[in-house]
Amino acid sequence: RHKFWETQPVGQLKDLGDTNLPEGPIEAPTPLSEVKQEPYNLPSQYEWITCDMDSEEMCNEVYNLLTSNYVEDDENMFRFNYSKEFLQWALRPPGYFRSWHIGVRAKSSKRMVAFITGVPARIRVRETIVNMAEINFLCVHKKLRSKRLAPVMIKEVTRRVHLENIWQAAYTAGVVIPTPITICQYWHRSLNPKKLIDVGFSRLGARMTMSRTIKLYKLPDQTATPGFRKMEPHDVPAVTRLLRNYLRQFVVSPDFDENDVEHWLLPKENVVDSFLVESPETHEITDFCSFYTLPSSILGSQNYTALKAAYSYYNVSTKTPLTQLMNDALIVAKRKDFDVFNALDVMHNETFLKELKFGPGDGKLHYYLYNYRIRRVLQPSELGLVLL
Ligand code: NHW
Ligand code: EN5
């Protein structure tokens, strides 16, 4: 079934439900001197490159590959269109390794034909904090698909992660491979229903007219929560405390310190938005919400070329009801001209999705760990991790 994945240290389908297997690393680390020193072999027309994401030119090449060849929905109507600013943000967190930004070029044309990346992250699994790589942006040019290039890309990133003495990884995919730690559902909240229907992202419901639909999804102009404001640099320590204390309750979550919060959660225009509630009386930071900007190209519309989507990121409520907090997030997203607000059923998101008129999408997201076994499949609500 899975000629490549069967050879890798990942949970195997046959072991699912075997409660005797211990939780933790599947394979022990090998001495660094035993890690292969040379890159894996590529077909002879191609060569490895390490991508310098500080370089405008390199960033453009990566952007162009992904814009034409990255993830599409099951009917090929939309394709993720990560911006250059987003890619630079996603790929240069605290402690990142340039060697984990891996491209493949055709030797003759010099064109980039494949890409894969890792960034370092401390991920907590129950009580244990594990140094991991988060793997993302695996892409093979459409003309080179089904030639078993992906396994070579994965082995090469694995080798370069090992060279930094890191032996575990976390990743997500729309496809099922051995073996998900949990399977999440995408939910969508229409902000601009007329456009969403026009481009085929959603459909007019049964017994619904356009004007009733527009009315159904209307939002107030102003947020409701007193003390709701944009996060600022001086909030980093308070947000870090709030978030760390919140994420503790999940089986798997990132272990964010102040540097991570500064990088991942301070607002960055057209990349990430974060808001918090500062108590008007005590000036305490009691609640937090955030979303990232990920547009999709619209592949077959006469009228539009881009769908502007916000994706729910990390949210924490201690005083403001989560539903009210997220309604305020919808209001600011609408004001910023997003067409749709997307969320997964992770953490406590189930508690607001239906009430705030999110509907289930046709996509699922599978979460995976590399070289780390967990005892049983998790509920999405036990997961405190959002990957980009
Ligand atoms: S998921 C997004 C992945 N990218 C896309 O979907 C973009 C559009 N598609 C493509 O570019 C987020 C190609 O279809 C790709 C596959 C490149 C996906 N993950 O070359 P072949 C991520 O980036 C397996 C893992 O012939 P292809 C996360 C497949 O099961 N494996 O296929 C990435 C088969 O193996 P099997 C995937 O269509 C995580 C083999 O690849 C996969 O030309 C990576 C076929 O290869 C996927 N999304 O290219 C793993 N899609 O055993 C990181 C297919 O079944 C692991 N496959 O025969 C950790 C590494 C670090 C460890 C550190 C200690
Ligand atoms: C890792 N970083 O399928 C990413 N998206 O539902 C890699 N569907 O947008 C993994 N097909 O349901 C990515 N509209 C896996 C996801 C790949 C992209 C994907 C799905 C998620 C999606 C939309 C459009 C479907 C178009 C036809 C969808 C329905 C919305 C509707 C709004 C009103 C209330 C009911 C739902």
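Residues are numbered from 1 along each chain as its sequence is written, with chains lettered from A and ligands numbered from 1 in the order in which they are written. Because the model is predicted, local features need pLDDT of at least 70 and side-chain atom pairs count only at pLDDT 80 or more, whereas totals for chains, interfaces and linings use all residues.

The chain contains nine helices and 17 strands (DSSP runs numbered from the N terminus, with helices being H or I of at least four residues and strands E of at least two). Its radius of gyration is 21 Å, close to the 21 Å that the globule rule gives for 388 residues, so the chain is as compact as a globular protein of that length; the radius is taken over C-alpha atoms, and the rule is 2.2 Å times the number of residues to the power 0.38. Along the principal axes, the C-alpha atoms fill a box of roughly 60 × 50 × 45 Å. Of the 388 residues, 37% are buried (20 or more other C-beta atoms within 10 Å of the residue's own; exposed means 12 or fewer, and partly exposed lies in between, with C-beta atoms placed from the backbone). Among contacts with a separation of 6 or more, 75% join residues 24 or more positions apart, a contact being two C-beta atoms, placed from the backbone, within 7 Å.

The chain is divided into domain 1 (5-174) and domain 2 (183-382), with bounds from an automatic or database domain assignment. The domain centres, taken over C-alpha atoms, are separated by 26 Å. In all, 42 residues of domain 1 are in contact with 37 residues of domain 2. On the domain 1 side, S2 (78-80), H2 (84-91), S4 (112-125), S5 and S6 each give two or more residues, and the largest share, six residues, comes from S6. This side has 23 nonpolar, 10 polar and nine charged residues (nonpolar: Ala, Val, Leu, Ile, Met, Phe, Trp, Tyr, Cys and Pro; charged: Asp, Glu, Lys and Arg; polar: the others, Gly among them).

Ligand 2 is surrounded by 21 residues, the closest being Gly 174, Tyr 186, Gly 359, Gly 361 and Gly 363; a residue is near if its C-beta atom, placed from the backbone, lies within 6 Å. Strands S6 (168-173), S7 (182-190) and S17 (359-370) give two or more residues to this shell, and S17 supplies the largest share, five residues. Both domain 1 and domain 2 give residues to the shell, so ligand 2 lies between them. Around ligand 1 there are 36 residues, of which His 2, Phe 4, Leu 138, Ala 150 and Ala 169 come nearest. Strand S5 (128-140), helix H3 (149-162) and S6 give two or more residues to the shell around ligand 1, which divides into 24 nonpolar, eight polar and four charged residues.

In H3, the buried residues are Val 152, Met 153, Ile 154, Val 157, Thr 158, Arg 160 and Val 161. The buried residues of H3 pack against S3 (101-106), S4, S5 and S6.

A cis peptide bond, with omega about -25°, joins Pro 178 and Thr 179; Thr 179 is in the loop between S6 and S7. Arg 126, in the loop between S4 and S5, has a positive phi near 50°.
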